[in-house]
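Please open the model in your viewer and keep the selection panel at hand.

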There are 2 protein chains.
Amino acid sequence: MKAEIISIGTELLLGELVDTNSPHIARELPALGIDVYNISISGDNQARLAATIKQAYERSDVVITTGGLGPTEDDLTREAIASVVGEEPYVDDALADHLRGFFASRGYEMPERNLKQAWLLPSGRAIPNPRGTAPGWWVEKAGKHIISMPGPPTEMERMWDHEVRPRLAEISTDSVIISRTIKTIGIGEGTVDEMISPLSKSSNPSIGVYAKNDGIHVRVTAKAPTERDAWLLIEPVEAELNKILGTAVWGRDDDTLASAVGVMLEDRGLKLAVMESCTGGLLANTMADAPGSSEYFVGGIVSYATQVKIDSGVDGELILEHGVVSEQVARAMARAVSERLGSDIGVGITGVAGPAEQEGKPVGTVHIGLWDGQGESGLSYQFNQGRDAVKARAVTMALMLVRRHLLGEMDPMRRTG
Amino acid sequence: MKAEIISIGTELLLGELVDTNSPHIARELPALGIDVYNISISGDNQARLAATIKQAYERSDVVITTGGLGPTEDDLTREAIASVVGEEPYVDDALADHLRGFFASRGYEMPERNLKQAWLLPSGRAIPNPRGTAPGWWVEKAGKHIISMPGPPTEMERMWDHEVRPRLAEISTDSVIISRTIKTIGIGEGTVDEMISPLSKSSNPSIGVYAKNDGIHVRVTAKAPTERDAWLLIEPVEAELNKILGTAVWGRDDDTLASAVGVMLEDRGLKLAVMESCTGGLLANTMADAPGSSEYFVGGIVSYATQVKIDSGVDGELILEHGVVSEQVARAMARAVSERLGSDIGVGITGVAGPAEQEGKPVGTVHIGLWDGQGESGLSYQFNQGRDAVKARAVTMALMLVRRHLLGEMDPMRRTG
């Protein structure tokens, strides 16, 4: 089956919003055996929107739209679809009652213009939207489908997950395409390419190597009549890749490096605390976002002012001697936060995120320290990127340092005392 | 003039990458007097790509593409454009020499397949790309323009800023469209709509009201022969809006709430520290990202574990009495961090970001406290959203609380002692 995705809204055409709905949907269609040939953005102009939907309807089996289902005059998706399939909308009494009830439960009377959200077409049905007032539309005519979902991502995603995706999986009978992504860190793209070369000639599953912010990803993609058959093609290749790449592999698919490190900490019964300055809380926030992180993540100190470092236990003499942006201070921060917050492992990050240099050290300088109760280790980097990228890379490298430490891969730590 | 933007790459169609190039370009075209009617994404399939470019070329004056200019077999933008305008590409000697020099300077011989990046069309010229090997293409035929830039955003953005945007500004003779966004917080969409109704009948400049994560935005958009004329239309309306909306206005255009609060803190010579649990470091990170934040942002404590709150000065009895998720504890966190890190103002956030409830309190519960050295105040919310949105909203509300406090708008604070 062939699908097209259309995102609707003048704000998208003006670049005021970035369309994240289309990628969200596009990512999941190959596994349903549905190919996406076009994605487009249309504004709130009925004639142009109808032309875009008409073209998609003529050349595809499934047209998926997001946006333009609100109650205002600028919300024209229903009107455009009605004109494409040549039908007249009518007010559905059950939908209208539901909508009036929604407003009543909040103590308001429903504005008359909201009645548009109770429209239906003879060839269509409503798709429930528990997160908003706009139901979706599923129009089915001449063996083709036009599926319209609301634009706000939280409303769209719930509708997609619970209503649209499952039904599309039933409808589609074509081969499915499944991918498994294996995520590595600590070895370069060329090295990965070379290591896996015995496998990379295969065409089904096919193998691709991609450099990403959190390391090198290897993607294995299989095409087969059913999801099960596709997995049977992927599994032996995945096993072989895991064998070849060894401990460089930290996760797969939607795993994040923080969640992978979190699992290792939890398995070992260890607790982590962090002290950071140039990353401003991003490392703590990244750890906190890992599922179940309260089991192993104690918390952190954002020592933006130097005095906060000193008050938290970093030796002021050390700062005077090496500068606040130094590996020595990063290591001392790691030890101080571990002792202050009571964790088994402490991590410290200090550096220059930018925009301006600091202590004569250039933007992109990052020092990371680790303390495990007995000794310390550290890594230093020079990133050539903008502020956001430097912060993100610093967090990734801090997580890599914890991971390598837990794997026993760090050079013998400099033991103190 | 009418323009269309086409982003090219199968990774975009598969949703593996989000297209940020099109919004970047789209944002700047109205100010050049160029209207965008369509944005689309096409994969690395020559026939379908050529069909998409052909349609855009037929119905628009300017077609702007990004991506597909690499050296591989999957990079088909040049081939597609050549077929649309019916011309044969040739190898440009100067471009080929430049390309060979680029590789030689890095100690490599140029792979033969890279020669494709030295192609030109009789109706085209190359656009310099100092950040990569792929020059852009500017094809001009029958009064229409096809402009192709590389896909990597750093290469595209430099080419756009230095080569494409300035030349388009010269070509376009149409009216320009300029917008000014005025950002408010603390009053609802309907109220803003009502307050500004005397102005909203105007059609040039036109006025739109938008609900955003950081409050209600009012956008004033003017169309005029020149940028200067457009600003002259906007200025009196902006002044009037600022008068009507008063202290609810916290910034404009690209201002962030954190930077606006930061300016207020700096003006008053006050320092801020934060203690947060459910937001996991996001508030600290948001403050740290504001330009010049080291002038007023001392740092923070991420008290993910309850023991960290107690060790940082929050009364354990208070936690036992009210629960860790309570406004009382949020207020105590604010006071504790202010005293611990030595700031004039302290902010505390505690709540349930999800995915699971806590202490029987539902996901989305957020309590925020503020301490100013003499007294405390607090706000409590119940957000009905997912984890990321709850965290983002909690940070916004914390910033709003600081702002209202600095404006003297909070209810008389509960003075202690």
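Select chain A and chain B together and display polar contacts: between them there are 28 residue pairs in polar contact, both residues at pLDDT 80 or more, where a polar contact is a pair of N or O atoms within 3.5 Å, one able to donate a hydrogen and the other to accept it. This is a predicted model, in which local features need pLDDT of at least 70 and side-chain atom pairs pLDDT 80 or more, while totals for chains, interfaces and linings use all residues. Residues are numbered from 1 along each chain as written, chains are lettered from A in the order written, and side-chain values use heavy atoms, without hydrogens or water.

Next, select A:R219 and B:E16, which form a salt bridge (a side-chain nitrogen of Lys or Arg within 4 Å of a carboxyl oxygen of Asp or Glu), with their closest N and O atoms 2.9 Å apart.

The buried area, meaning the accessible area (1.4 Å probe) lost on putting the two parts together and summed over both, is about 4,000 Å², with carbon and sulfur atoms giving 50%. Within chain B, pick out B:L13, B:I39 and B:Y304, which lose the most area to chain A, together 14% of what that side buries.

Finally, select A:D19, A:I39, A:I41, B:D19 and B:I41, which among the 18 lining residues lie nearest the centre of the largest cavity, a set of points on a 1 Å grid over the protein atoms alone where a 1.4 Å probe fits but cannot get out, lining residues having an atom within 4 Å of a point. This cavity holds about 140 Å³ of space, a volume being the space filled by probe spheres set on the points, which are joined across faces, edges and corners.

Technical notes:
On a 1 Å grid over the protein atoms alone, a cavity is a set of points where a 1.4 Å probe fits but cannot get out, and a pocket is an open set with protein on both sides within 12 Å along at least five of seven lines; lining residues have an atom within 4 Å of a point. A polar contact is a pair of N or O atoms within 3.5 Å; within protein, one must be able to donate a hydrogen and the other to accept it, and residues adjacent in sequence count only if both atoms are side-chain atoms.
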